[in-house]
Amino acid sequence: MMPWNGWFSSFLKDKLGDEKYEKVRELILYRPNDYTGFEQMPRPNTKLSISDKDPNLTHKFRQPSPGSQPPVELRETDASFGNAGDDPYDVTYYKRDTGRRYTSDPASLHRDLEKIKLELLPEDDPRVQEALEEFEKGPGSSPGNKGTFATGKSDFDPTGLRATMSTNFEATEASLDANMPDHLPTPTWMSEQEEIVAWYEERDLPVSIGGTGYGNIPIGARVARW
């Protein structure tokens, strides 16, 4: 910063005094004490307070320097993923996307319904047996590279789902099967159903379906403010 920068504010502060200068500054400027000064990139000498109790505890750009910090911990597993064996660097979602399993992929479109239809047909019919065999084979359009990349054979992921080139239909289906939901969701009012029924019975009212009133908007919030 050049020495003449801020000369006007220094002039006013010298003539008005600290107290009056701060009042004028807060009156004219928008958020005059913003730590960034509304600059897109804070300056290297900008200090940021990081403690509500200790005003002297601040943080600056590269202070403390990265070289003086402990080495970064590169975890091979991360329990926060729900399973301690999960790879924290594996961000693939398609192998866990059970919600769109039977609707988004043309190769898997309504496979659950097709399986039910085949199971309802006579098992001893050769045509049904042949159709079941073809169904179990899958579409065959995504065989994967069997772990053979341009650099040679690799076995870093036996499932083949870690890399796009090795992804295959069979492993994807197995992963989706393992991640399919196996629980029945319940509404939030289920834990209070006895109290809800008692409330209606005390007032001699017919019991409504479910617990009404959850998430209702207050009347005041529905009044137009203009």
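This is a predicted model: local features need pLDDT of at least 70, side-chain atom pairs count only at pLDDT 80 or more; totals for chains, interfaces and linings use all residues.

Residues are numbered from 1 along each chain as its sequence is written, and side-chain values use heavy atoms, leaving out hydrogens and water.

**Stop one: two helices**

Select residues 7–16, helix α1, and residues 18–28, helix α2. (Helices are DSSP runs of H or I with at least four residues, strands are runs of E with at least two, and both are numbered from the N terminus.) The two helices pack at an angle of about 130°, their axes 7 Å apart; the axes are lines fitted to C-alpha atoms over the stretch in contact, and angles run from 0 to 180 degrees between N-to-C directions. That makes α1 oblique to α2, the label for whatever is not under 35 degrees (roughly parallel), over 145 (roughly antiparallel) or 65 to 115 (roughly perpendicular).

Now show side chains. On α1, pick Ser9, Leu12, Lys13 and Leu16; on α2, pick Asp18, Lys20, Tyr21 and Val24. These residues make the contact, meaning heavy atoms within 4.5 Å. By class, there are four nonpolar, one polar and three charged residues in it. (Ala, Val, Leu, Ile, Met, Phe, Trp, Tyr, Cys and Pro count as nonpolar, Asp, Glu, Lys and Arg as charged, and the others, Gly among them, as polar.)

**Stop two: Thr46**

Jump to Thr46, in the loop between α2 and β1 (48–49). Thr46 counts as buried because its relative accessibility is 18%; the cut-offs are under 20% for buried and over 50% for exposed, with partly exposed in between (1.4 Å probe, protein chains only). Leaving aside residues up to four places away in sequence, Thr46 touches Tyr35, His59, Lys60 and Phe61.

**Stop three: aromatic rings**

How many aromatic pairs are there? The count is three, with ring centres of Phe, Tyr and Trp (its six-membered ring) within 6.5 Å, and planes under 30 degrees apart stacked, over 60 edge-to-face and the rest tilted. One of them is Trp7 with Phe8, edge-to-face at 5.7 Å centre to centre and 80° between the planes. Trp199 and Tyr200 are also edge-to-face, at 5.0 Å and 85°. Trp199 is partly exposed at 40%, whereas Tyr200 is buried at 11%.

**Last stop: Arg62**

Finish at Arg62, in the loop between β2 (58–59) and α3 (111–120). Arg62 is exposed, at 55%. Draw a distance from its C-alpha atom to that of Pro44, 18 residues away along the chain, and you get 8.2 Å.
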